[in-house]
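Trainee: Could we go through this model together? I would like to know what lies behind the words we use for it.

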Amino acid sequence: MMHSTSAKQKCVRAVLLTAIAIAMSASSRASAQGPERILAFVYGVTNYNGSVYASALVPPSVGTIYLLANKDNVIAPRQTQIYFWPITNQFLADWEKMNELVVGQLEVVQQGRLINTMALSQYVIQYDVNDPMGTLGLFTGERAKAKHEVWQKAQDQYRASLAGYSEMLRMWDEQINKLRAESSTGTVPPEKLPKRPEAPPRPTLLSTNPAQGFVISLAAGTYDIQVKRLDGSIQPNSHKRLIVFEPEREGIAYSAVPQQRWTVPEQADEPDGVVYALPGTTLYLQAFRSKRFNAHDYVHMLDPQDQSVWSDRGKWVSFEPATQPPMQVDDGNGSVSARASQPYFVRQLPGGGLGYEVVPFDPNTMEQPTFAGYTLDLNADADYAVSLTGVNGVPIPGSQRRVRTLRTDRTLWLYVVSAMPLALGLVVFFARRRRARAIKIEE
Amino acid sequence: MNEFIIQTHDLTKAFGDFKAVDHVNLQVRPGEIVGFLGPNGAGKTTTLLMILSLLTPTAGSVHLFGQQLQDDPFGLKRRIGVVIEAQSFYDEMTAWEYLMFFARLYGLAKPEARAHHLLERLNLWQWRDVLIGGYSTGMQRKLALVRALLHSPDLLILDEPVASLDPFGIVQVRELLLAEREAGRTLLISSHILSEIERTADRIGIIVHGKLVFEDTMESLRQRVRGVQHIEVELVSPVNGIAQVLTALPFVTDVKADGQRVTLLTCGDDDHRADVARALAGHGALVQAMRTVEPSLEEAFITITESEVKRWTEGAHGR
Amino acid sequence: MVANLDVRAQPSRGHLWMQRWQAAQAIQSRSSSSIANGRGIYLVLAIALLAAAVVLHNMLRFVERNAVLATRQPLFLPLTLMVDVVSIYLAMTAAIAAARERECGTYQVLLFGPVDESAFIAGHFLAQLMVYLGVGLLVLVWSNLVTWLLHLAFSVQVIVLLAASVATVAAVIAFGLFIAAWGGRTRLALVYFTVIVLLFVALQVGNDLVSSLALAHSPAENDPIFLIRDALVLVNNVVQWVSPYGQLSRIADDLLNGNALSILLHLGVTLAQGLAFFVAAIAILKRKGARG
């Protein structure tokens, strides 16, 4: 949890404004009719956020689009019906009612100079579930077609295999029934059981259907875009500012998982952040390679209709786990140890009571690890300095963190100490009374 | 040494069409006590504030110690001590703290002894550690005087320095001011307690309707109003109708008979005591004592201001 | 007897500004003592620290519930809260003290002596600032105690933030003195002060409200409500720059981001704000005089 004055204020304001927006919307719209649809030109953006592709809607009320630099992103010009959804305070598109591609060219202008005119391209996005980040790709044109065909073929093969498997399963079932019928006891000894057919493996390649859009990859900077229709006119509402940004720096982010509440990890993204935990906690630190972006730009890339303004803030975004480098742990008393990232499994405790335990992963008895991380056992006054070490034992930049235990049993003293100005005031008051007499002298 | 400590030249202050101070030429010499008098609303306070540069004159100039205040405001102000009529203090301070604050303000090196001396003289020493908010009005006025005297100023400007004081306090303050004059200080005192002014002032200035109508010594003032002789008669026993008998005398301007005491105002052209005695004897009144009384400052003041008011009023109607 | 006890005021020495400085120091000393001997500052500081303690307590509760918390500067939010509370109090007391001196006449008494408008304002300004420096020391002690009690990690950035807050508080105090000079009367000064603070808050809330309404109103690009929204955003951004608290918030962010140049820039802006109010207060007093 990151504390900041403006974040708290923004939270209160957001709740207040949402309530007002809801009230205003409720007064102007009959709930039985649903929100009013309005025909509008929008951009459907498929943006690369550093690890995956995500989609975002850019309605007419949004003037600026944000995209990552030097990465393939897609801007699709569409005509659709939009409506305002007060609960999320955003415009949504009713794609089912209308989803028309606006055919034309995208003009990209920088500092008044036309630098690119782009035609619509066919594209697909694919990745393998076994290695999403490593295999993610956006393919255009003929390559998109070819890639999609490969995926389609795999899907067809799987369906065919599935059909074969169903047939074999039926036959196996019949065999079992026959053997059972032939047995005097009504059961079939295990050694006589035929082997159950194996289901065909599911295809691991995922793909989008081919779609059309403007595939953009630009260097960091500020641009203006608009759509020029086939008749040469500019599509109304198509002019937008385009801000292309890149990461400010790279580092290591940690997800801190306590033994007793593994479902609620805490993010420690900033290098000067400190991880606090209760004394006696066993803490698991999961490390991720991460990048820091301008928070305003990144948030508006993911959600162009976001209303927060964090122009001075940064936002760390984690991408892939960093499990290879060892972690160096300095306990502050001169003892430095190294530990490796280990896989762990979360096992539900048997019985009626709720509970679980985190145990080391055993490949022989467990299907797959729940997570991998570095372990820290925190004693009462733990104050550890941790970092991931790279080649030759040099700490990886941005991987340093402090891990400390927090004394939550001294709340009363916290308030006592905070009230000390009152004690000081009393001392001053009595000292003053000794020095100065407050009496009334009559004439 | 400058000829004048305070010198104003055609000092004027106008508020719209109303002239609160009208071409006042006031001169205060070193080492003298000047009483500055006038009826309520005459312009005394306005004049004093202009002398102290707290009000900007509409016209005219003010010189203090031969300089204009703007030439060396901080330096000149260090040579002046001021007590104004409306008292203002920091109620949360003790008298001693208050004085030490002003001592620091004026850059006094070792003010403790002088502060002790002044407080002792005005019977405030035993109350020095009491918060000023608890002081009576008279004590506050004395404290203001101590504050004004603390830095041994060359010029003292005092507005009602003895108001709200008991008779003992008035005597203390009078003696202190006279001692200051002996030490070479110059004092400009504005007060409605004319008896005190009469006792202490070397010269008097009287301002009426913004104009300085008189500025000279006490003796000159008495001479100016000596056109009236004041006779007091003490009879052995009251006599009926004696007031009418005396009023009929040609040289008598006013008679007051109160039992055995009869007071007459006569023209100051001659000594009319013998004529009065003859008139009394003719009416069967036996005189026990008879004396002439010098016109007091109060009488002089009233005479002058009344005549000035009359002249001003006639002038205003004539316009 | 009087002659033996004749102590003279020091003759004028040095530049006029040096003399003003000496007068300001005397006024500062008196005014600071008055505040320190009063009850208000201790009460307000206790309230500020208790509010900060509540923020920390929430943090402790979070850790008790979730067993872990990652944070960069747990003391930043409590400290900025403390700065907000104490600075508003000091600005109000500066406004009241200066306005009351004029109202009661003690200002006039000061003007009889080697004091002018600049020294008067500077004296009151320094008085409140000295009190805040004392408060800052106490808060530093509190921070150290709390850090030790709760086993928090103490960082130099806390000291830097506290040091930077002096500029913020100085600007707010100068604002209070400006209000005192402008308002003249104590009650009027208080009214002006409250209205302006509420206006700042209303601007921020109004900005967010119109932004939200703009989205709900119409999708057309040239709808006038967008103009109103953009105008309010602009006004709000200007206000954020004008507000010393906005600057302190940026300084806190810059500290977290390690942006030293930006810290200096925002410190400079804050000091410039304070200087502007300071000079304006003196100019207004000069125009109004002792009794206006």
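Mentor: Gladly, and let us begin with pairing: two strands pair if DSSP finds at least two bridges between them. Strands (E, at least two residues) and helices (H or I, at least four) are DSSP runs, numbered from the N terminus. This is a predicted model, where local features need pLDDT of at least 70 and side-chain atom pairs count only at pLDDT 80 or more, while totals for chains, interfaces and linings use all residues. Residues are numbered from 1 along each chain as its sequence is written, with chains lettered from A and ligands numbered from 1 in the order in which they are written.

Trainee: What makes strand E12 and strand E13 of chain B a pair?

Mentor: Six bridges join E12 (residues 252-258) to E13 (residues 261-267) in the antiparallel sense. The definition asks for at least two bridges, so six bridges qualify them as paired. Asp254(B), for instance, stands opposite Leu265(B) in E13(B). The two strands form a hairpin with two residues between them, and Gly259(B) in the turn has a positive phi of about 70°.

Trainee: Which strands make up the open sheet, and in what order?

Mentor: The order is E21(A)-E20(A)-E25(A)-E26(A)-E17(A)-E1(C), six strands with mixed pairing. Strand E21 (336-339) of chain A and strand E1 (68-71) of chain C are the edge strands, as each pairs on one side only. From one strand to the next, the twist averages 25°.

Trainee: How do you know that E25(A) and E26(A) pair?

Mentor: Four bridges join E25 (residues 383-388) to E26 (residues 401-405), and the two run antiparallel. Here Val386(A) stands opposite Arg401(A) in E26(A).

Trainee: What does chain C contain besides its one strand?

Mentor: Chain C has ten helices, and its pattern along the sequence is α-α-β-α-α-α-α-α-α-α-α.

Trainee: What share of chain C is called buried?

Mentor: Of its 292 residues, 49% are buried, meaning that 20 or more other C-beta atoms lie within 10 Å of the residue's own, with C-beta atoms placed from the backbone (exposed is 12 or fewer, partly exposed in between).

Trainee: How many residues does each side bring to the contact of chain C with chain B?

Mentor: Chain C gives 33 residues and chain B gives 31, where contact means C-beta atoms, placed from the backbone, within 7 Å. On the side of chain C, the largest share, nine residues, comes from H1(C).

How values were computed: Axes are lines fitted to C-alpha atoms, for helices over the stretch in contact, and angles run from 0 to 180 degrees between N-to-C directions. Two residues are in contact if their C-beta atoms, placed from the backbone, lie within 7 Å.
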